[in-house]
Amino acid sequence: MSNHTDLANTSESMADYTQELENSFRKIKEGDVLSGTIIAVTDTEATVDLGYYAEGIILAADYSEDPSFSLKTDVPVGETIQAVVIAEDDGNGNILLSRREAVQTLSWDILEQYLKEQTVLTVKISEIVKSGAVAYVEGIRGFIPASKLSLTYEENLDPWLHKEIQVQVIQADQAQKKLILSARELLKEARAKEESRLVSNIQAGLVTEGVVESLQNYGAFVRLSNGASGLLHISQICQKRISHPSSVLKEGQKVNVKVLAVKDGKISLSMKALEDVSAEEIHEELADLPETESIGTSLGSLFKNIQL
C-alpha cells in the first residue's frame with residue numbers, strides 16, 4: 001500500500017515538474033494575457049511570479065487608471081492577477097506587464113455581467129467633474145450623473161468626494177468606452193421598502209401629527225410622526241371649498257390629521273374629519289344642557305348658584 005502511495009506522489013511531483021518545465025520554456029510574446037501572483041510591491045512597481053523563466057514587472061503607471069490608486073496601499077502581496085505582456089524584456093531580464101491593458105481587455109465582460117444581473121457594487125468617489133462624479137469599477141472609469149447620486153438632484157457635489165456609496169451599472173459600452181453608474185435606483189428601492197414597513201404600522205382611525213412635505217393641485221403630502229407619508233386630498237383639508245391647498249397650508253407646517261384609510265400601500269388623510277369630530281362634540285355638549293337653560297343664558301345666571 002505504501003509503495004502505491006509513494007508511486008502516486010512521485011507521479012504527481014513529476015507532472016508538476018514537467019508542467020513547470022514547459023512553462024519555463026514557453027515562448028512569451030507581446031499581447032499575451034498571463035496570470036501570476038504578486039510577490040513584492042514598492043512605491044513604483046509590483047513584481048509578479050509568472051511560473052516562467054523570468055519574473056514579471058508592472059510599473060505603477062501600468063497598473064491602474066485611477067488617479068488615487070497606490071501600489072503600496074491597494075495591491076496586496078499574494079494576490080493573483082492577470083496582466084498583458086507589453087515587452088518580453090524590460091532591459092533587466094524581466095517581462096514587462098500591464099495590468100491596465102488586461103483590465104481593459106477583461107473588465108468589460110465583467111461589467112456587462114454586472115449590468116445584466118443588476119449587481120450592487122460599493123464604489124468610492126474619486127473625482128468630482130462637471131454635472132457628476134467619477135468612480136472606478138474593475139479598473140474602468142465610471143461616471144455617475146448628479147441626478148443619479150441621490151433621490152434629489154445635487155447642486156453641490158463637493159461633499160461626495162471620497163465618499164463610499166452603493167451603485168449599479170446602468171450602461172456599459174466597450175466600443176465607446178462608456179461606463180455609467182447610478183445610486184438612485186437602489187435608493188428608490190430602499191425608500192419603497194421602508195415606506196411599506198412604515199405604512200404597515202398605520203391603521204385607519206389613527207389621529208396623529210404630521211408635517212406638510214409638498215403641495216399639489218389635488219392636495220398635500222404629509223409626513224406623519226412615524227415617518228410614513230400620506231395624501232391629504234384637497235377635499236379633506238377643511239370644511240369650505242378651496243381652489244388650492246396653498247390657501248390653507250404651507251410646506252413645513254405642522255398639522256393634525258386623521259387616517260381615513262390604508263390601501264395598496266397608500267395612506268389617505270383628513271383634517272376635515274377632525275373638524276367634524278369637534279363639531280359633533282360641541283353639539284353633544286349643548287344638547288346636554290338642562291331644558292330650563294338656553295343657549296343665550298348669561299354668565300351671571302349660569303354662576304348664580306355657585307357658592308364661593
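Reply: Glu185 counts as partly exposed because its relative accessibility is 32% (buried is under 20% relative accessible area, exposed over 50%, partly exposed in between, with a 1.4 Å probe and protein chains only). The model is predicted, so local features need pLDDT of at least 70 and side-chain atom pairs pLDDT 80 or more, whereas totals for chains, interfaces and linings use all residues. Numbering runs from 1 along each chain as its sequence is written, and side-chain values use heavy atoms, without hydrogens or water.

Glu185 forms a salt bridge with Lys148, with 3.3 Å between the closest N and O atoms (a side-chain nitrogen of Lys or Arg within 4 Å of a carboxyl oxygen of Asp or Glu). The two residues are 37 apart and link distant parts of the chain: Glu185 sits in helix α4 (residues 184-199), Lys148 in the loop between β8 and β9 (164-173). Helices (H or I, at least four residues) and strands (E, at least two) are DSSP runs numbered from the N terminus. Lys148 is partly exposed, at a relative accessible area of 22%.

Glu185 is also one of the residues touched by Gln168, which lies in strand β9. With a relative accessibility of 8%, Gln168 counts as buried. Leaving out residues up to four places away in sequence, Gln168 touches Gln118, Thr119, Val120, Ile180, Leu181, Ser182, Glu185 and Leu186 (contact means heavy atoms within 4.5 Å). The side chain of Gln168 also reaches the backbone oxygen of Gln118, at 2.9 Å. That is a polar contact, a pair of N or O atoms within 3.5 Å; within protein, one must be able to donate a hydrogen and the other to accept it, and residues adjacent in sequence count only if both atoms are side-chain atoms.

Helix α3 covers residues 99-117, 19 residues in number, and reaches 26 Å from its first C-alpha to its last. That is close to the expected 27 Å at 1.5 Å a residue (1.5 Å times one less than the number of residues). There is a bend of about 40 degrees in α3 at Leu106, taken as the angle between axes fitted to the seven residues ending there and the seven starting there. The buried residues in α3 include Ala102, Val103, Ser107, Trp108, Leu111 and Tyr114. At the start of the helix, a side-chain oxygen of Ser98 comes to within 3.4 Å of the backbone nitrogen of Arg100.

Glu195 lies in α4 and Arg223 in strand β12 (residues 219-224), so the bridge ties together parts 28 residues apart in sequence. Salt bridges with shared partners join Glu195, Glu213 and Arg223 into one network. Arg223 counts as partly exposed because its relative accessibility is 28%.

The model has 7 salt bridges by this rule. Among them is the pair of Arg141 and Glu127, whose side chains meet at 3.5 Å from N to O. This pair also links distant parts of the chain, with Arg141 in strand β8 (residues 140-145) and Glu127 in strand β6 (residues 121-129), 14 residues apart. Both ends are partly exposed: Arg141 at 39% relative accessibility, Glu127 at a relative accessible area of 28%.

The loop between β8 and β9, where Lys148 lies, also holds His162. His162 is not a glycine, yet has a positive phi of about 70 degrees; with 48% relative accessibility, this residue counts as partly exposed.

As for confidence, the chain averages a pLDDT of 83, and 81% of the residues score at least 70 (pLDDT is the predictor's confidence in each residue, from 0 to 100). Residues 281-308 stay under 50, and the model has 2 contacts beyond four places in sequence for them. Where pLDDT is low, predicted coordinates should not be read in detail.
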